[in-house]
Amino acid sequence: MARSSKTVARTLEDLTLDSGYGGAADSFRSSSASLCCSEAHGANPWRLTDSMHSRHNSLDTVNTVLVEDAEILESTGRLAKLPELEDVPWSLGEVACALSRNEEVRLPTLPQDVLLRLSVMVSRALVRVAREAQRLSLRYAKCTKYEIQSATRIVLSWTVSMNCISAALGALSMYNMSTDEEKFGRGKAARCGLTFNVGKFFRWMVDSRVAVRIHEHAAIYLAACMESLFREVYARVLRSALLERDNGIPKLTVETLEQAVSGEAEVWGSLLPWQHLICGKNANGES
């Protein structure tokens, strides 16, 4: 009887999954971010698996260093790195367009190699935010704007995270205020006032298995946060480039980008490839 009730409950769960929320429950349970059920000793039936690398199966602490990486760390002394994304939910053209829309300051056009390097750096912050959102979504197997908001606050520094969340709130407000005619005549990005494609972010979250169910507001939040983060980093890079001019023109090179990021404590840790870094440096300039 107990087995029958479990089967019925699982069937009902699978049936309630909206096809637009991405994936089936079976595929998510078999993924590295799956949930497993344990009713032994009267424990909480939901727990994090070891694949999430959490300390003592806790929801509020997480160790991002993999077990195999820890062994390498002990033997060689090298630090574990974040996985490099092969596909990102934005294009270099969208990045250039998003940066050119900054109303506060007119920014010069970035060279292609600098755009590419900036994209790689911000993709690391995207991985960190997605991992935290995945961890926060485990209990209810659903990712909403609240998980993205909390993950952004955890990963990014206070000032940068507040700017990103403010941009996300503005984008979601514009989306909710759009009329019925705009819903059919304009895309989600246009209705949100964003350059980044919200649909691409939604599909990327589904393919990355952030959660069994992905709410569209979560994709809007993530797209707006990443677009704001690009502007935030670029504004800091520009301030550094203004100190080093070539014939009156700011020098925007990959070296300038690297030096500017290295000198900015609030974004330094989030844009580096090392897994153990979260947001930045302390008051003494140490990580």
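In this predicted model, helix 4 (residues 92-100) and helix 5 pack at an angle of about 95 degrees, with their axes 10 Å apart. Because angles from 65 to 115 degrees count as roughly perpendicular, helix 4 and helix 5 fall into that class. On the side of helix 4, the contact is made by L92, V95, A96 and L99, and these meet Q112, L115, L116, L118 and S119 of helix 5. Sorted by class, this contact has seven nonpolar and two polar residues, with no charged ones.

Helix 5 (residues 112-136) also meets helix 6 (residues 145-155), where the two axes come within 8 Å and cross at roughly 125 degrees. That angle makes helix 5 oblique to helix 6, and the crossing is right-handed. Here R128, V129, E132, A133, R135 and L136 of helix 5 touch E147, I148, S150, A151, T152, I154 and V155 of helix 6. Seven nonpolar, two polar and four charged residues make up this contact.

Attention now turns to the aromatic rings. Five aromatic pairs are counted in the model. In one of them, the ring centres of W90 and F201 lie 6.1 Å apart with their planes at 35 degrees, so the pair is tilted. This pair joins distant parts of the chain, since W90 sits in the loop between helix 3 (67-76) and helix 4, while F201 belongs to helix 10 (residues 198-207), 111 residues apart. F201 pairs with F196 as well, in a stacked arrangement with 5.9 Å centre to centre and 20 degrees between the planes. W90 is buried, at 5% relative accessible area; F201 is buried at 0%, and F196 is buried at 0%. Ring pairs link W90, F196, F201 and F230 into a cluster.

Key. Residues numbered from 1 in each chain as written. Predicted model: local features only at pLDDT ≥ 70, side-chain atom pairs only at ≥ 80, totals over all residues. Heavy atoms only, no water. Axes fitted to C-alpha atoms, helices over the stretch in contact; angles between N-to-C directions. Helix = DSSP H or I, 4+ residues; strand = E, 2+ residues; numbered from the N terminus. Parallel < 35°, antiparallel > 145°, perpendicular 65-115°, else oblique. Left-handed = near helix turned anticlockwise from the far one by under 90°. Contact = heavy atoms within 4.5 Å. Nonpolar A, V, L, I, M, F, W, Y, C, P; charged D, E, K, R; others polar. Phe/Tyr/Trp six-rings, centres within 6.5 Å; stacked < 30°, edge-to-face > 60°. Buried < 20%, exposed > 50% of the residue type's maximum accessible area, 1.4 Å probe, protein only.
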